[in-house]
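Visitor: I have this structure open next to its sequence and would like to walk through it with you. Could we take it piece by piece?

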Amino acid sequence: MNVGKTELLGLNSDELEQFARSMGEKKFHGRQIYNWIYQKRIDDFTGMTNISKKLREMLINNAEISLPVIDAEYRSKNDSSLKFRLRLKDGNHIESVLMYEPGRTTLCVSTQIGCQLGCVFCATGYLRFKRNLTTGEIVGQVIVSSRHGGNRITNIVFMGMGEPLLNYDNVKKAMMLLSDGDGLAISSRKITLSTAGVIPGIVRMSEDKLPCKLAVSLNAPDDELRSRLMPVNRKYPLKELLPALHRYEKTTRHRVTFEYVLLGGINDSIGHARKLKKLMGGFTAKLNLIAFNSIEFPGNVGKKKLFSEFESPDKETIDKFMAEVERPGLTVMLRKSQGGDIAAACGQLCLHDSRE
Ligand code: SF4
């Protein structure tokens with residue numbers, strides 16, 4: 001870390017203009033630096049060739065752009081996903097996952113180091129919460145992964161480590177940089193924020209008209225079971241969450257996507273499916289079903305599950321659940337998780353070294 005230097009990664013164009021002014025330069029230079037960082041994804045001041053040599057030297061002496069550093073990468077043998085373990089400026093680590101599909105490349109980004117919410121089926125929830133990521137650390141994941149992963153990133157999902165709505169201000173600012181045509185230029189229709197159901201954050205999203213789609217991780221059709229699986233439900237129960245989502249849909253005119261992780265023998269019965277169908281009665285929504293990803297690490301004998309004793313349901317149970325919950329106006333999809341063999345799938349991010 002360079003003590004005394006101004007960190008530029010995460011600043012927006014107004015802030016970079018102010019920074020240029022603070023160095024006695026014209027403010028349009030701030031805009032130039034903005035384009036170099038986010039559009040051209042350059043972190044080396046000497047490469048900013050449309051800026052005078054004198055200003056470049058001033059930048060070298062007074063500023064820095066601290067991108068996260070990839071210190072491990074894990075490539076799935078079963079699909080095309082690629083997980084990065086990234087080292088931050090303060091030595092902490094986070095993970096991001098790139099997923100390649102025909103016509104699109106999606107990056108799953110983290111927003112916190114660890115998570116306070118402790119959903120019992122999620123490996124991240126078992127990590128000690130350390131801190132929120134800064135705006136620069138969030139957009140830095142996109143810059144580093146796009147440089148390293150080859151393809152242009154077309155889609156972003158805020159579904160990595162942490163609850164994005166508990167780091168609202170930094171996530172909001174990152175979202176603005178990501179969706180700005182002169183910034184990282186990712187279409188707001190291709191950015192999705194996934195929450196465990198933090199109601200005040202959902203309210204702020206609709207007030208701020210955040211440029212993204214909203215997904216809510218549901219995982220149970222009633223408060224009793226949901227509180228057991230997701231302790232956050234005790235604070236924001238379904239009876240308050242669902243009306244908040246109705247208000248969100250009405251204000252933003254955006255459809256909410258619901259996610260439901262199927263846990264064998266826990267939330268996957270026909271009875272659960274019927275309750276879920278009733279619960280979602282008032283929504284014209286999308287429901288993504290995800291079969292639970294048990295955590296298995298290469299090298300272990302047999303099936304070693306850390307963190308929980310949950311199982312993925314069998315195919316017949318999943319098919320029956322899907323058939324029961326389907327109705328007109330509700331699009332139900334079984335989402336295929338990628339990266340299960342490298343602990344990169346939904347609920348598996350926990351900084352485990354999958355090479356061990
Ligand atoms: Fe946190 Fe999301 Fe994992 Fe729940 S599912 S513990 S909110 S990272």
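Visitor: What is the strand order in the open sheet?
Guide: In this predicted model, the open sheet has 10 strands in the order β3-β4-β5-β6-β9-β10-β11-β12-β13-β14, and the pairing is mixed. The edges are formed by β3, residues 69-75, and β14, residues 330-334, each of which pairs on one side only. On average, neighbouring strands of this sheet are turned by 20° against each other, if direction is ignored.

Visitor: And which helix packs on the sheet, touching β12, β13 and β14?
Guide: That is helix α11, residues 315-325, whose direction makes about 170° with that of β14. Of the strands in contact with α11, β12 spans residues 257-262, while β13 covers residues 285-291 and runs parallel to β14, joined to that strand by five bridges. Within that pairing, N288 has M333 in β14 as its bridge partner.

Visitor: How do things look at the β3 end, parallel or antiparallel?
Guide: There β3 pairs with β4, residues 82-87, in the antiparallel sense over six bridges, and a hairpin of six residues joins the two strands. One of the facing positions is Y74, which stands opposite K83 in β4.

Visitor: Now the middle. Which way do the residues of β9 point?
Guide: Strand β9 consists of residues 155-158, with N155 and V157 pointing one way and I156 and F158 the other way, and all of these are buried. On one pairing, β6, residues 104-108, runs parallel to β9 over three bridges, with T106 having N155 as its bridge partner. Strand β9 also pairs with β10 in the parallel sense, again over three bridges, and there the partner of I156 is I191 in β10.

Visitor: Changing topic, how many aromatic pairs are there in the whole structure?
Guide: A search of the whole structure finds four aromatic pairs. One of them is formed by Y260 and F321, and because their ring centres are 5.3 Å apart and their planes stand at 35°, the pair is classed as tilted. It links distant parts of the chain, since Y260 belongs to strand β12 and F321 to helix α11, 61 residues apart.

Visitor: Are those two buried or exposed?
Guide: Both Y260 and F321 are buried.

Visitor: What sits over the ring of W36?
Guide: The charged end of K40 does, at 4.4 Å from the centre of the W36 ring.

Visitor: While we are in that part of the sequence, where does Q32 lie, and what is it in contact with?
Guide: Q32 lies in helix α2, residues 28-39. Leaving aside neighbours within four places in sequence, Q32 is in contact with N50 and I51, and its relative accessibility of 15% is under the 20% cut-off, so Q32 counts as buried.

Visitor: Which residues other than glycine have a positive phi?
Guide: Examples include A185, with a phi of about 55°, and N219, with a phi near 70°. A185 is in the loop between α5, residues 168-179, and β10, residues 191-195, whereas N219 is in the loop between β11, residues 213-217, and α7, residues 223-229.

Visitor: Buried or exposed, those two?
Guide: A185 is partly exposed, with a relative accessible area of 36%, while N219 is at 0% and therefore counts as buried.

Visitor: What about L88, where is it and what does it touch?
Guide: L88 lies in the loop between β4 and β5, the latter being residues 93-101, and with a relative accessible area of 4% L88 is buried. Not counting residues up to four places away in sequence, L88 touches P68, I94, I113, R131, L133 and E137. The C-alpha atoms of L88 and L334, 246 residues apart along the chain, are separated by 35 Å.

Visitor: Last one: what is the average pLDDT, and where is it below 50?
Guide: The chain averages a pLDDT of 90, and 92% of the residues score at least 70. Over residues 297-306, however, the pLDDT is below 50, although this stretch has 16 contacts in the model beyond near neighbours in sequence. Where pLDDT is low, the predicted coordinates should not be read in detail.

Note on methods. Residues numbered from 1 in each chain as written. Predicted model: local features only at pLDDT ≥ 70, side-chain atom pairs only at ≥ 80, totals over all residues. Heavy atoms only, no water. pLDDT = per-residue confidence, 0-100. Contact = heavy atoms within 4.5 Å. Pairing = 2+ DSSP bridges. Helix = DSSP H or I, 4+ residues; strand = E, 2+ residues; numbered from the N terminus. Axes fitted to C-alpha atoms, helices over the stretch in contact; angles between N-to-C directions. Phe/Tyr/Trp six-rings, centres within 6.5 Å; stacked < 30°, edge-to-face > 60°. Buried < 20%, exposed > 50% of the residue type's maximum accessible area, 1.4 Å probe, protein only. Lys NZ or Arg CZ within 6 Å of the ring centre and 35° of its normal.
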